[in-house]
Amino acid sequence: MVEKILTGFFLLVSVVYLLTSRGMAFGSMNSPKSGFLPAVVGVAATILALILFISVMVKGKKLEKIEINWEKLVMFLGGILAYIIFLNIIGYRMATFIVMFILLKVTKTKGWIIPLLVSAGVSFGFYYLFQVLLGVRLP
Amino acid sequence: MDTLALLLHGFSVSLLPANLLASTVGVIIGTLTGILPGLGVTGAIALLLPISFGMDAVTALILFSGIYYGAMYGGSITSILVNVPGEAASVVTCIDGYAMAKKGRGGAALAIAAIGSFVAGTIGLIGLTLFAPALSTAALSFGPPEYFAVAFLGLIILTNLSGKSPLKSALMVLIGIMLGTIGLDPLAGVDRFTFRIDELSRGIDFAVVAMGIFGVGEVLSTIIEPESKTVLQKVRFRELYPNKQEIRRSVAPIIRGGLIGFLTGLIPGPSATLSTFLAYTAEKRLSKHPEEFGHGAIEGVAGPESANNGASSATMIPLLALGLPFAPPSALLLSGFIIHGITPGPALMTQHPDLFWGLIASMYIGNVLLLIINLPLVGVFASLLKTPINILMPIVIIVTLTGAFAVNNSMFDLGLLLVFGVLGFFMKYTGFDLAPLAIGIVLGPTLEKGLIQGLIIENGKIGSLFTRPLSGTLLVISMLLILFMVIKFIIIKIKSMKEGESQPEI
């Protein structure tokens, strides 16, 4: 199922890319313009993606089934998404501390003291490393 | 003689305290990335790119290349002691390395892997020292059609060698090229595929894509795997020395592995991994005791482990001489060059001799450092395998997010990182290889520039690209390879239809 969705996604991307490239100047063979390569690549990608999509839809052979712990995956991704959203609002140290703690609990780190200590250490340690030592401007 | 003098000058650069420190740190980080799950060599270099902003260009590149070849050795530690390859290039080592460890000869296997890596790495470096300058000089006469042809052939070979399905790999190359066209068109100066999003005008940063697909994707794969207890084979210090018979049986495989690795490393694609399979097959065929393979034959460790290090040195040749990377780690090294305002290619050797020769000399030093550091510290590195994954993975994610933000100080990049992380995760499980996508992004602009300028030079006659000796030869080879792929695909299809079997992976 995942393979079908992903192949369909690549087909959609290729088609959108091809259609968008039609709005660009193609030029001619002796004076190619900005849309020249995108048009060529867009056509090739759409054809390949279509062949793959059809092949995936009709093929009998299944990929080796993998057990995905969806709950863990979604919660982990949710933590990362929350980090991206809140980073600018509450600042690097606080956002890192909170999200690090959440991710440690998602990965089933036992107890409260170790997750709290690790979160605090990572939050302040990375802030010091990136902002103070390496001069990166963190939110 | 000139080469020797320049190499000696390179040693004087690479032995400066800051560069020596960078080399040492690089090989240690490389070894760690080879050992720890969820942190591949490409992800590690991508992560350190923003950190290197404040460094001198030579120091930064010495650090990155140290990570690259250090990881080749680090991967062998986990293969031998726990039967888990840290890197794809160490998969073959598991077969006989782990069998040796179970027999109590894990120390000897590790020592032979380290010595083999050192010898083969040096063989590769001698090749790099001799061939890279020669290729650089030859490449000075390259025009846009030649660059187009080299990039095109590289991508076609990559498509053939990467992953299980050439069709999927070809699509990934094209998607990579498509991503490479996002942003300001360097030839015409117009925005393409930016959809009025300002952040897209500067294009999609390759480091962010690499951190996403190789970094975040790998972490996601690691956290969903069921927890497994690591059974670590113990190694005592006195067992680190191979006996006379093991040394005698390893000499030829190490040299053969080094040569196979070097030659394979020149081929675009997953050359380090491919070289290990070739070396293993060669050793099994040449061995007087093929029945021992799979049950702890030292040749099965010596050959492949030498080959992957020989290949990692050879991979640097197209990057340094032509500015064209054909493997994800060298593509990131290219990013490392670019963020420091340096364009690798034919002019690198003459315009930045300190960097060119300093980098090559640092690799000789790094190989010695790997041997000195890794043999006595193998126990320490092995104990890192007990690091709790549940704590390590969130830390890797936070450092990746921080690193991705630091590339352009952009929140938009963090969104891209997440998107490519999820994409990389699902691609891995559905048979889409990540390397062609990454290389497509990097080589796409070279391909476009070469094609557009080549067509303008040749007055739009595409056939003229075939009449120039070098570009013509390379393009004919590319066409033959495409034809080969199509015929192979049709034959397999017809066969499977006749036999009424399920369709093969295409």
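About 5800 Å² is buried between chain B and chain A, and carbon and sulfur atoms give 82% of that area. Buried area here is the accessible area, with a 1.4 Å probe, that two parts lose on being put together, summed over both. Three residues of chain B stand out: M178(B), F193(B) and I398(B) supply 11% of the area that chain B buries against chain A, more than any other three residues.

A word on the source. This is a predicted model, where local features need pLDDT of at least 70 and side-chain atom pairs count only at pLDDT 80 or more, while totals for chains, interfaces and linings use all residues. Residues are numbered from 1 along each chain as its sequence is written, chains are lettered from A and ligands numbered from 1 in the order in which they are written, and side-chain values use heavy atoms, leaving out hydrogens and water.

Back to the interface. Chain B brings 58 residues to the contact, and chain A brings 67. Contact means heavy atoms within 4.5 Å.

Which helices of chain B each supply at least two residues of the side that touches chain A? They are α8 (166–180), α9 (206–224), α17 (389–408), α18 (411–429) and α19 (434–457). The largest share, 12 residues, comes from α17(B). Helices are DSSP runs (H or I, at least four residues), strands likewise (E, at least two), numbered from the N terminus.

Next, chain B as a whole. Chain B has 21 helices and 2 strands. Its C-alpha atoms fill a box of roughly 70 × 65 × 50 Å, along the principal axes. Of its 506 residues, 61% count as buried. Buried means under 20% relative accessible area, exposed over 50%, partly exposed in between, with a 1.4 Å probe and protein chains only. Among contacts in chain B with a separation of 6 or more, 78% come from residues 24 or more positions apart.

Last, one residue. G358(B) sits in helix α16 (residues 353–383) of chain B. Is G358(B) buried or exposed? Buried, with a relative accessible area of 0%. Leaving aside neighbours within four places in sequence, G358(B) is in contact with G10(B), V13(B), S14(B), I62(B) and P353(B).
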